[in-house]
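Subject: Structure for you to look at

Hello,

Here is the structure I said I would pass on. Please open it next to this message, as the notes below follow it.

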Amino acid sequence: MCGIVGYIGSKEAREIILNGLKRLEYRGYDSAGIALVNGETRIFKCAGRVMDLEALVSKSDFNGTIGMGHTRWATHGEPNEVNAHPQVSYKGNFIVVHNGIIENYSRIKKHLESRGIIFSSQTDTEVLANLIEHLYLEGDLTAEQAITLALNRVEGAYGLVIICTQEPDKLFAARKGSPLVIGVGEGENFIASDATPIVEFTQRVIYLNDDDIAIIKKDELIIKTIRNEKVQPEVKELDLKIGEIDKEGFAHFMLKEIFEQPRAIHDTFRGRVLPDFSGVRLGGLHNVLDSVSEAERIIIIACGTSWHAGLLGEYIFEEYTRIPVEVEYASEFRYRNPVIRKGDIVIAISQSGETADTLAAIKLARSKGAKVLGICNVVGSSIPRETDGGVYTHAGPEIGVASTKAFTSQVTVLAMMAFVIGHKKGILSDAAYKELITELGSIPGKIEKALEVNEQALELAKIFQNTRNALYLGRGYLFPVALEGALKLKEISYIHAEGYPAAEMKHGPIALIDEDMPVVVVATKDDTYEKIISNIQEIKARKGNVIAIVTEGDEIIRKMADYVLEVPETLPAFTGLLAVIPLQLLSYHIAVLRGCNVDMPRNLAKSVTVE
Ligand code: G6P
């Protein structure tokens, strides 16, 4: 979490950094700060969002052509002005912005305190700044030497940008576990947590690797490792357009991203599905396809919404490949000494490609001999670099903290993988394979149709905006969708919501049902349709308020439920892709009506790069 932007060149740095920070606010938004160099170095910081920082900075006309900024998601120390970044070392020679956690900070702090160094914040970042300063002064070192030495002493994760006031013609940057990308310009360079602050200035980027240190001047760039080895940087062309990171007329990124799903899914299968729908080619699996097809077991690891996509993936994989699948929360998997055998295939799913628990789980699985595949959205992020193969989702940047288009594109990738493997194993005949792929081709159009419930979802939101609890039920492919619907509601509207397998309701949640309890039943037509009708009757018998998500033209449930939202008919494997749409819209409208900050819900961050 936390977003970092740095600039060095001839332009005024202030606006570049503030605008960049706004694009990175999805990474954290509880306090923000900026440092600008112009003869002297000035720091502005405050609790609150980047717009609060902007208001603060606008009271001054100080600007510079070098600077760096930070938007924070607090780990150590409450989000106030003192704990906001940049953090300054005790003699003022080093100014640091940091994303990550210095795990051995308390030991280092104790040592520095015993040398008489006084701390003003509760942050682990100030400990690092002071360690660098201490080594710099004691050892009479250059800034580069002091930073390198300090980074050899800290444990944990960091993406860092550092200014040394004694060497004000450069920025230092370093990465271990937290992403940083350098934008290479003409007579100017940029550094940021992801490419979104950079894309309007240059398309040429260098992704820093773990243990890299960069010394960035306006017309020179040196990269080495913390072991002092020279690194030959690889300059890549960005595949990102500035338009992709605008709201494009939508009130919120989340709404824009919900409406982008037809395109996101189309982009995810475009170029992979053969023109005559007879097959799917997944280039990123080319080298591992045989091992996946022969796998005795697949373990899917993920967090949050990606975990829900994984659960839906389990159902699809088992149906079409007959390979046993387990779905694990990455955070549980990594700490419970899981049984992993050599022939196991692990699939890690992550929108950001940076989630710390998922990354750690991948490393554990690989150390035990498993092959790991990734399903990620952010190109060049950490997870694809740690995996043996994988498939990008191509959903485009997802900025809203609550994930929407990432979920549907992850499910799309999982379905394509399952079909390819099922066909290769002979479980899916040519005809069945083609039928599935042809239907996949029609999903973007069907999502367009599903989005037509938007107005109805708003009307329902008006009715249920003040509810305190909600229950979401589904069976089979629709159970993960129920979980995802409940998560969307609680994340952005702060209403308590639980997702449950519909048949399990009678083992507990049924006790909660009364006339005040909205029960969202995901009941589109699939193999469990008849069963879910009985569940709806059980709810109605207890006076529950049923909002049913149904297949177009379903007259049976329409008569039983209090409210219905329709989605087009499709094959069972894809029903989740359609049924989730009304749930996303319902949560969105409820959150807006309750006055919640939809794109930046309290306490959450989009990219969770801490444990
Ligand atoms: C955070 C986000 C969620 C996301 C989860 C996993 O909690 O707020 O929207 O699903 O992280 O993120 P990943 O990038 O690994 O999919």
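How much space lies in the largest cavity? About 70 Å³ of space lies there.

First, some ground rules. This is a predicted model, in which local features need pLDDT of at least 70 and side-chain atom pairs count only at pLDDT 80 or more, while totals for chains, interfaces and linings use all residues. Residues are numbered from 1 along each chain as its sequence is written, and side-chain values use heavy atoms, with hydrogens and water left out.

Rolling a probe the size of a water molecule over the atoms shows where empty space is left. On a 1 Å grid over the protein atoms alone, a cavity is a set of points where a 1.4 Å probe fits but cannot get out. A pocket is an open set with protein on both sides within 12 Å along at least five of seven lines. Lining residues have an atom within 4 Å of a point. Grid points are joined across faces, edges and corners, and a volume is the space filled by probe spheres set on the points.

Cavities

The search of the whole structure finds 4 cavities of 30 Å³ or more. Residues lining the largest cavity include Met1, Cys2, Trp73, His98 and Val610. Strand 6 (94–102) and helix 4 (124–139) each supply at least two residues of that lining; helices (H or I, at least four residues) and strands (E, at least two) are DSSP runs, numbered from the N terminus. By class, the lining has 4 nonpolar, 6 polar and 2 charged residues. Here Ala, Val, Leu, Ile, Met, Phe, Trp, Tyr, Cys and Pro count as nonpolar, Asp, Glu, Lys and Arg as charged, and the others, Gly among them, as polar.

The second largest cavity has a volume of about 60 Å³. Its lining divides into 9 nonpolar, 1 polar and no charged residues, with Phe464, Leu489 and Ile590 among them.

Pockets

The largest pocket holds about 730 Å³ of space. Of the 38 residues that line this pocket, Asp239, Leu240, Asn377, Val378 and Val379 lie nearest its centre. The lining is made up of 13 nonpolar, 10 polar and 15 charged residues.

The second largest pocket has a volume of about 560 Å³ and is lined by 26 residues. Helix 16 (478–493) gives the most to this lining, with 4 residues.

The ligand

Which pocket is the space taken by the ligand? That space is the second largest pocket; a molecule sits in a cavity or pocket if more than half of its atoms lie within 2 Å of its grid points.

Of the 14 residues around the ligand, Ser306, Ser350, Gln351, Ser352 and Thr355 come nearest, where near means that a heavy atom of the residue lies within 4 Å. Helix 9 (residues 304–321) gives the most to this shell, with 3 residues. The shell divides into 4 nonpolar, 8 polar and 2 charged residues.

An oxygen atom of the ligand is 2.6 Å from an N or O atom in the side chain of serine 350. A backbone N or O atom of threonine 305 lies 3.0 Å from an oxygen atom of the ligand, and a backbone N or O atom of alanine 605 also lies 3.0 Å from a ligand oxygen. Taken alone, the ligand exposes 380 Å², and the protein buries 91% of that; these areas come from the Shrake-Rupley method with a 1.4 Å probe.

Regards

Key
A polar contact is a pair of N or O atoms within 3.5 Å; within protein, one must be able to donate a hydrogen and the other to accept it, and residues adjacent in sequence count only if both atoms are side-chain atoms.
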